[in-house]
Amino acid sequence: MRVALFLTCVNDTLYPDTGRAVVKLLTRLGVDVDFPMGQSCCGQAHYNTGYRHEAEPLARHFSDVFGGYEAIVTPSGSCGAMVRELYPRMGERARAEGRGESLARTLAPVVPKTYELTEFLVDVLGVTDVGAYYPHKVTYHPTCHGLRSLGLGDRPRRLLQAVKGLELAELPGAEECCGFGGTFALKNAEVSAAMGADKVRSAESTGASVLCAADNSCLMHLGGTMSRLGTAMRPVHIAEILASTEEEPAA
């Protein structure tokens, strides 16, 4: 299978190791991974802030860049949800505004073949044991877009439970938002910070040394909160855990 890695802006700029981990993991599982150099922002930040029309050229560009692949894999629930949930909505709104079918037709091919990493592993490749090794106590935070928009359910937990050496601790209040929410964290900073502190304290109560999630934007928010609270816990993307092996262990 030939798939494209949609890395996302946040990962490309701040967390490139997550992208490397995805390539390492998928290659180990026999997948041919390509990184289209023309990729850019999917338009999520624009759309969520109310700039729907400004997001449309970015969505068209996404379809142009990724349309020829069998599957598009992203280590981000929020950007995956943008394509799967909001691209169809953008096409519908354009049609309702009398602008025809062009946008809907352009975006339609990429919608069904865009996958968040854990659902690609479980649903498309049909694996939960990816041969990973990670000898740490970990607690998992299901981020909002993955949980509510994509419906990832227990897929990430099933993958983590199969990792050799990993002890998975249940996170109290796991389904509560961490407080990031993109521009929500800027517009409602005090509320966002309080929600982040609650999430980190819940994670600390598990005794885990690692807080894992499938979206680095939320982990960025929680990592900053950990730093301010002075906790020894650290945030790690699930791709980096799943890419770790006994021969090449992650930190």
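1. In strand β2, Asp 32 is the bridge partner of Arg 2, and this contact belongs to the pairing of β1 with β2 (residues 32–34), two strands that run parallel and are joined by 3 bridges. Strands and helices here are DSSP runs numbered from the N terminus, a strand (E) having at least two residues and a helix (H or I) at least four, and two strands pair if DSSP finds at least two bridges between them. The model is a predicted one, in which local features need pLDDT of at least 70 and side-chain atom pairs count only at pLDDT 80 or more, while totals for chains, interfaces and linings use all residues. Residues are numbered from 1 along each chain as its sequence is written, and side-chain values use heavy atoms, with hydrogens and water left out.

2. Strand β7 (residues 210–213) runs parallel to β8 and is joined to it by 4 bridges, and Leu 211 has Pro 235 in β8 as its bridge partner.

3. The structure holds 5 aromatic pairs, a term used for rings of Phe, Tyr and Trp (its six-membered ring) whose centres lie within 6.5 Å, with planes under 30 degrees apart called stacked, over 60 edge-to-face and the rest tilted. Phe 6 and Phe 66 form an edge-to-face pair, at 5.6 Å centre to centre and with 65° between the planes. Because Phe 6 lies in the loop between β1 (2–5) and α1 (9–14) while Phe 66 lies in helix α4 (residues 52–66), the pair ties together parts that are 60 residues apart in sequence. The rings of Phe 62 and Phe 66 have centres 4.5 Å apart and planes at 35°, so this pair is tilted. Phe 62 and Phe 66 both lie in helix α4, 4 residues apart, which is about one turn of the helix.

4. Are these phenylalanines buried or exposed? Phe 6 counts as buried at 1% relative accessibility, Phe 66 counts as buried at 1%, and Phe 62 counts as buried at 2%, where buried means under 20% relative accessible area, exposed over 50% and partly exposed in between (1.4 Å probe, protein chains only). Ring pairs link Phe 6, Phe 62, Phe 66 and Tyr 87 into a cluster.

5. The structure also holds 13 salt bridges, each being a side-chain nitrogen of Lys or Arg within 4 Å of a carboxyl oxygen of Asp or Glu. One of them joins Arg 20 and Asp 17, with the closest N and O atoms 2.6 Å apart. These two residues are separated by about one helical turn, because they are 3 residues apart in helix α2 (residues 16–28). Arg 20 counts as exposed at 52% relative accessibility, whereas Asp 17 counts as partly exposed at 48%.

6. Other salt bridges join separate parts of the chain, and that of Asp 123 with Arg 155 is 3.0 Å from N to O. Asp 123 lies in helix α7 (residues 117–124) and Arg 155 in helix α9 (residues 155–161), so the pair ties together parts that are 32 residues apart in sequence. Asp 123 is partly exposed, with a relative accessible area of 44%, while Arg 155 counts as buried at 18%. Lys 164 and Glu 246 meet in a salt bridge of 2.9 Å, N to O, linking the loop between α9 and β6 with the segment after α13 (238–243), 82 residues apart.
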